[in-house]
Amino acid sequence: MHIISIANQKGGVGKSTLSSLFAYYLADKKSARVLAVDLDSQRNLSHTLRQCGIEIPTTALFADMRIELPAVRKNIALIHATPQLANLERASAKEANRRVQTFAAHLEAMQEEFDYCLLDPPPTLGIRMVAALASADFVTMPIELEEYSTQAVKDMLQTVFGVRQQWNPKLKFMGILANRFMHNSTRQKAALQDLLENYQDYVLPLKISTRAAIPRALEEGRGVWQLPTAAASDASAEVLQVFEALMKKMEPVNEEAAVN
């Protein structure tokens with residue numbers, strides 16, 4: 001099972017949207033068995049994937065208890081978020097370390113049951129963010145090209161590399177993805193240029209634009225490429241190109257992840 005965290009310490013960048021679309025992509029285009037884990041108490045991923053069933057809460061992954069495997073529907077299984085997830089952040093440092101290890105152990109126990117696991121952590125540094133990065137093989141960072149989002153890039157990169165050093169040496173950073181891009185915005189074009197100048201080695205040479213077809217597809221519980229409208233074709237082309245690029249970065253998993 002390849003574990004992928006889609007993370008950013010800045011909210012409102014579309015990480016849950018990207019996680020949902022990636023889950024649909026892997027299930028539909030790759031016929032893969034996908035486990036989606038919502039770590040964000042805002043529960044956006046859980047809402048989008050609600051047709052996959054609301055059975056096991058994510059809080060169970062941090063507890064010392066036996067967990068039954070969630071049901072798989074249309075190749076996707078959901079472990080859903082609850083408001084109580086936020087209570088995890090009140091733990092002491094010792095308890096926090098134990099919970100991070102417990103979370104990783106629960107995912108390890110599911111390794112043979114799924115091909116991919118997508119983790120959607122909250123947009124804050126804490127137990128859930130560390131658990132998502134400490135357990136993952138790969139991480140990608142979506143950002144919205146606005147001032148506050150680009151300012152947060154340095155903090156998120158420091159978190160990724162800090163967790164890799166302390167917890168998870170196999171963690172591979174797949175890149176920064178410009179999301180919700182507006183082609184007619186001179187401000188966003190300037191922000192993209194600034195991002196490339198400062199973080200060129202970390203930026204994916206792709207972007208996903210703001211398009212009405214994406215939220216419509218997610219509300220209908222499917223990938224944007226499955227919408228039977230001509231208006232969805234441009235959105236579909238961008239999204240599929242991004243996911244194909246991420247898939248390429250994940251191969252080969254063992255050898256490449258070990259040295260990056």
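Contact here means heavy atoms within 4.5 Å. Keep that in mind for these exercises, and remember that this is a predicted model.

**Exercise 1: the setting of Thr 58**

Work out where Thr 58 sits, whether Thr 58 is buried or exposed, and which residues Thr 58 touches.

*Solution.* Start with the chain: Thr 58 belongs to the loop that links strand E3 (56-57) to strand E4 (76-80). Next, take the accessibility. Buried means under 20% relative accessible area, and Thr 58 has 0%, so Thr 58 is buried. Then list the neighbours, leaving out residues up to four places away in sequence: Val 37, Asp 38, Leu 39, Ile 79, His 80, Ala 81 and Leu 85. Finally, look at Ile 79 again: its backbone oxygen is 3.4 Å from a polar atom of the Thr 58 side chain.

**Exercise 2: a second residue in the loop**

**Exercise 3: how H4 meets H6**

Describe the crossing of helices H4 and H6 and the residues that meet there.

*Solution.* First, the geometry: the axes of H4 (residues 127-135) and H6 (residues 153-166) come within 9 Å and cross at roughly 55 degrees. That angle makes H4 oblique to H6. The crossing is right-handed. Now the residues: from H4, Met 129, Val 130, Leu 133 and Ala 134 meet Met 156, Thr 159, Val 160 and Val 163 of H6. Sorted by class, this contact has 7 nonpolar residues, 1 polar and no charged ones.

Methods:
Residues are numbered from 1 along each chain as its sequence is written. This is a predicted model: local features need pLDDT of at least 70, side-chain atom pairs count only at pLDDT 80 or more; totals for chains, interfaces and linings use all residues. Side-chain values use heavy atoms; hydrogens and water are left out. Helices (H or I, at least four residues) and strands (E, at least two) are DSSP runs, numbered from the N terminus. Buried means under 20% relative accessible area, exposed over 50%, partly exposed in between (1.4 Å probe, protein chains only). A polar contact is a pair of N or O atoms within 3.5 Å; within protein, one must be able to donate a hydrogen and the other to accept it, and residues adjacent in sequence count only if both atoms are side-chain atoms. Axes are lines fitted to C-alpha atoms, for helices over the stretch in contact, and angles run from 0 to 180 degrees between N-to-C directions. Angles under 35 degrees count as roughly parallel, over 145 as roughly antiparallel, 65 to 115 as roughly perpendicular and the rest as oblique. A crossing is left-handed if the near helix is turned anticlockwise from the far one by less than a right angle, and right-handed if clockwise. Ala, Val, Leu, Ile, Met, Phe, Trp, Tyr, Cys and Pro count as nonpolar, Asp, Glu, Lys and Arg as charged, and the others, Gly among them, as polar.
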